[in-house]
Amino acid sequence: MSQTQSVQTFGRKKSAVAVAHCKAGHGLIKLNGTPLELVKPEILRHKAFEPVLIIGRQRFRNLDIRLRVRGGGHVSQIYAIRQALAKAVVAFYQKYVDEQSKQQIKEALLQYDRTLLVADPRRAEPKKFGGRGARARFQKSYR
């Protein structure tokens, strides 16, 4: 009974949640069953690939990563995907490879952008009465 080497991580942005299932393989990265190269919208495709471009393709050659994402809008989903992807690689290298290469990856990612590994805690504030939104109030009139 051989146990497959795998880790599961998540990435969050606003209400979007992406879950990455990373296992030993041969370089597949799929998002909801389709290749990551076909991410829509095209403008944000480069943003989703940032972890791959920073760390380098050679570190992804021996990994298969399957991503699921739901909730939020287009931009939030892309940010959740890139965070889940980066965290999955770091977790896999920590658990199954060695601490030194994990540390190199982590430092490279943090140097580029901290949100690749640390979630953004900001959330939308709930609307209150007496105005259009959370803070805006209706205009005051005297007549």
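## Salt bridges around E50

K47 counts as partly exposed because its relative accessibility is 23%. In this predicted model, the side chain of K47 meets that of E50 in a salt bridge, with an N to O distance of 3.2 Å. E50 has a relative accessibility of 4%, under the 20% limit, and therefore counts as buried.

E50 also forms a salt bridge with R82, at 2.3 Å from N to O. This pair links distant parts of the chain: E50 lies in helix α2 (residues 50–55) and R82 in helix α4, 32 residues apart. R82 is buried, as is E50.

The structure holds nine salt bridges. One of them joins the side chains of K128 and E125, with 2.6 Å between N and O. K128 counts as partly exposed because its relative accessibility is 33%. E125 has a relative accessible area of 38%, so E125 is partly exposed. Elsewhere, salt bridges with shared partners connect K47, E50, R82 and D113 in one network.

Side chains of opposite charge can pair when their charged atoms come close.

## The largest pocket

The largest pocket has a volume of about 150 Å³. The elements that contribute two or more residues to its lining are β4 (34–35) and α4 (74–96). Helix α4 provides the largest share, four residues.

The lining consists of L31, N32, T34, P35, L38, V39, K40, V69, H74, Q77, I78 and I81. By class, seven of the lining residues are nonpolar, four are polar and one is charged. Under this classification Lys counts as charged, so K40 is the charged residue of the lining.

A20 is part of strand β2, which spans residues 16–24. Its relative accessibility is 0%, so A20 counts as buried.

Leaving aside residues up to four places away in sequence, A20 touches V7, Q8, T9, I65, R66, L67, A84 and A88. One of these contacts, I65, is 45 residues from A20 along the chain, and the C-alpha atoms of the two residues are separated by 6.4 Å.

How values were computed:
Residues numbered from 1 in each chain as written. Predicted model: local features only at pLDDT ≥ 70, side-chain atom pairs only at ≥ 80, totals over all residues. Heavy atoms only, no water. Buried < 20%, exposed > 50% of the residue type's maximum accessible area, 1.4 Å probe, protein only. Contact = heavy atoms within 4.5 Å. 1 Å grid on protein atoms, 1.4 Å probe; cavity = no way out; pocket = protein on both sides within 12 Å on 5 of 7 lines; lining within 4 Å. Points joined across faces, edges and corners; volume = space filled by probe spheres on them. Salt bridge = Lys/Arg side-chain N within 4 Å of Asp/Glu carboxyl O.
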